[in-house]
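Hi everyone, thanks for coming along.

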Amino acid sequence: MTVNAPPSSSASSTAVSSPLKRLGALLAVSLVVALMTGPSGDSPTPLAGVKGSIFDVRVFKFLLAAVVIWAITLGYARLQPQIAERRAAVTTTSRRLFARPGSRPITYLLLLVLAIIIPLQLSPAAQQAAVTDVGIYALLALGLNVVIGYAGLLDLGYIAFYAIGAYATAYFTSSRALPTHSSVLFNPFAVFPIALLIAALAGVLLGGPTLRLRGDYLAIVTLGFGEIVQKVANNADGFTNGSRGAFGVPKLSIHVGPINYRWGIDPLPYYYLLVVLIVLVMLAFSALERSRIGRGLAAIREDEVAAEATGVPTLRYKLLAFSIGASTSGIAGVIFATKQFFNPQTFSLQASLLVLTIVIFGGMGSLFGVVLGAIVIQGTFFFLRDVVPPNDRYIYFGALIMVMMIFRPQGLLPSRRRSQEIALAESGGASVEMLSAGTVVER
Amino acid sequence: MSPALTKQSGDVAQPAVAGDVVLDVQQVTLRFGGLTSLDSVSLQMRRGSVLAVIGPNGAGKTSLFNCLTGAYTPQEGSVTFYPKPGESVAVLGKRPHKIARLGIARTFQNIRLFPALTVLENVQVGVETRQKSDALSSMLRLPNARRDQKNSVAEGFRLLELVGLRGKSNELAAALPYGEQRRLEIARALGTVPSLLLLDEPAAGTNPTEKAELSALIRRIADTGVSVLLIEHDMPLVMGLADEVVVLNFGKVIATGRPEQVQRNAAVIEAYLGAESEETAIDATDLPDVGSGRLPGTAKSGEPGESA
């Protein structure tokens with residue numbers, strides 16, 4: 001029975017096929033988790049951690065959790081047909097409702113109202129997180145989504161453009177934030193187009209020589225670029241103030257006619273500004289995705305050789321995607337810089353990977369997906385802060401992402417095209433044939 | 001390398017074909033290390049004609065296509081393309097998308113569609129390579145972007161109608177049966193408004209009905225004034241369609257002429273059937289079966305001569 005597992009069984013049950021084996025694996029995992037989350041040892045008593053976490057009553061909690069999870073998976077396997085049926089019924093009805101004219105705008109309006117109301121109910125700390133963790137990262141993820149989701153380019157140094165936007169803001173608006181400043185100082189709002197252009201230019205400068213590379217090579221080069229920018233920010237004391245970072249960038253303010261408004265300590269005005277920007281960016285990118293440019297990018301992602309042969313200027317389109325992503329990142333940098341203190345540590349590789357995680361977790365290529373990804377990932381992170389010891393947060397976080405990628409690789413709200421690509425790749429059908437054909441004409 | 005325009009360099013022979021030439025390939029040589037894939041191949045093509053390139057497997061047919069479309073750059077020779085009468089462009093050394101813009105479109109031997117895009121979107125990608133609206137006007141939905149969008153949908157439907165796929169515009173390209181994928185690839189290529197269409201084994205893997213439809217489709221395309229350069233193994237199809245046939249063997253042109261002339265050519269018969277069969281009286285009508293008698297999947301392996 002274990003050998004002839006039906007082909008329809010899920011990936012997990014083919015890997016560990018018998019229920020008993022699965023129980024064993026889960027118990028082993030629970031012991032590891034118990035050990036990792038338990039008290040830590042030190043050099044005089046290196047085994048204290050093991051004693052405190054495994055030879056302790058608390059281990060039963062973990063073993064019990066393993067058994068419960070096992071029972072759930074067992075029940076799930078037995079009930080799978082019914083569950084699939086129910087799910088299909090729910091998705092088709094919701095899809096039918098969504099297809100009804102007028103339901104789309106209403107849904108969007110409802111979501112917008114929620115986005116406006118919910119932060120009012122939050123604690124000040126959560127409001128702060130809604131700006132710096134969720135809002136700004138949603139904006140960053142929307143930009144990276146153009147690069148990864150639309151064009152299919154893996155950019156691991158994306159946060160560099162965020163840094164460029166932030167430092168450009170400090171340079172052009174403040175006489176004190178950095179050791180040097182531009183001769184003419186601007187209102188922070190005027191810096192939006194400047195930062196956008198500088199970041200886009202940096203994107204073109206990085207992309208020009210590197211976008212001829214494919215896949216892994218591009219990832220490595222962009223990784224290097226991200227590191228270079230961070231190291232320069234850290235070491236170019238005379239320009240960036242080094243590791244001390246930039247203090248005192250003026251807050252955003254509007255002085256137009258009778259309107260005189262200054263963003264201050266309160267995070268909510270920043271939040272609403274971000275909501276406006278995110279809505280505008282989503283509108284622009286959804287139009288982009290449906291345009292000839294968006295289709296050209298999709299074509300490049302699916303088969304670059306065929307796209308080029310069909311007349312799509314692949315290098316130019318990839319550069320375009322790169323600079324659109326970079327300028328979005330630059331804008332996020334402006335908001336962040338005017339809101340609070342930053343130093344090179346803000347723009348670490350970890351931040352790049354976090355944005356990447358949000359895009360993949362939320363659903364590559366899907367605008368609502370990546371915004372939801374930012375909310376879920378950063379929200380989880382925020383709530384874990386109170387629930388578990390700070391050092392353990394990454395363990396739970398990593399586990400969440402692993403489970404997600406195993407059971408739902410297309411992300412929370414995948415785009416139609418992306419989920420179809422994944423389905424095609426998994427079925428190993430036509431797309432594989434087309435991929436292997438690539439050797440025929442590729443140089 | 002600087003490929004000279006044939007018309008301007010005096011030492012190169014004038015096109016042998018009378019009339020309006022659309023493509024002039026002169027002495028093209030392509031080597032991969034020690035392997036010579038194309039050995040000073042020359043051919044001329046009349047505008048609006050259907051030219052078939054045939055030859056045993058490994059003769060260099062697809063290599064020739066890849067040279068014409070910019071995927072390979074041959075070491076020697078020149079390729080001149082005449083988008084309109086009296087207008088000439090050197091093709092070699094240009095990137096594939098530039099060549100596509102000039103008006104040379106192609107299909108692939110192993111179909112290369114955009115599998116997760118819909119049938120209509122596949123064609124739209126081709127159509128939109130001629131459009132001009134930029135990213136900014138697309139993002140802001142400016143009038144020119146909207147106009148382009150409308151035109152590309154209309155033109156996409158027109159081309160799908162032409163290849164008989166209009167009813168399937170919303171399906172995924174990957175979900176189409178093999179023969180329809182071939183036709184979709186042709187529609188995508190036509191979307192770029194080519195004056196020269198290169199088809200790399202369009203009938204491979206299609207059934208007799210599809211083959212007949214395909215033949216009619218290629219005829220229709222040629223009748224609209226698009227010149228068609230065709231690689232094909234299916235001899236009845238070639239003989240029925242081609243105005244002229246070029247035979248390649250081991251990277252060399254061994255015969256050129258009208259289909260019925262080529263069928264009787266001794267060198268061609270030798271290339272296809274092997275040297276020993278020279279004594280056997282060969283009925284020219286036997287020739288067609290040599291290429292088409294094998295399954296498309298196995299076409300890559302084995303010498304064609306052995307099967308005769």
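Of the 308 residues in chain B, 51% are buried. Please keep in mind as we go that this is a predicted model. Chain B is built with twelve helices and ten strands. And how far apart in the chain are its contacting residues? Taking the contacts in chain B with a separation of 6 or more, 67% are between residues 24 or more positions apart.

Now let's turn to where chain B touches chain A. How many residues does each chain put into this contact? Chain B provides 36 residues, and chain A provides 36 residues as well. On the chain B side, at least two residues come from each of helix 2 (96-102), helix 3 (119-128), helix 4 (135-139) and helix 5 (143-163). Which helix of chain B gives the most to that side? That would be helix 3 of chain B, with five residues. If you sort the residues on the side of chain B that touches chain A by class, you get 14 nonpolar, 14 polar and eight charged.

Let me finish over in chain A, with a pair of helices. Two packed helices are described by the angle between their axes and the distance between the axes. For helix 8 (residues 188-210) and helix 14 (residues 314-339) of chain A, the axes come within 7 Å and cross at roughly 140°. Helix 8 of chain A passes helix 14 of chain A in a right-handed crossing. As for what makes up the contact of these two helices of chain A, there are 15 nonpolar residues, ten polar ones and one charged.

Key
Residues are numbered from 1 along each chain as its sequence is written. Chains are lettered from A and ligands numbered from 1 in the order in which they are written. This is a predicted model: local features need pLDDT of at least 70, side-chain atom pairs count only at pLDDT 80 or more; totals for chains, interfaces and linings use all residues. Two residues are in contact if their C-beta atoms, placed from the backbone, lie within 7 Å. Helices (H or I, at least four residues) and strands (E, at least two) are DSSP runs, numbered from the N terminus. Ala, Val, Leu, Ile, Met, Phe, Trp, Tyr, Cys and Pro count as nonpolar, Asp, Glu, Lys and Arg as charged, and the others, Gly among them, as polar. A residue is buried if 20 or more other C-beta atoms lie within 10 Å of its own, exposed if 12 or fewer, and partly exposed in between; C-beta atoms are placed from the backbone. Axes are lines fitted to C-alpha atoms, for helices over the stretch in contact, and angles run from 0 to 180 degrees between N-to-C directions. A crossing is left-handed if the near helix is turned anticlockwise from the far one by less than a right angle, and right-handed if clockwise.
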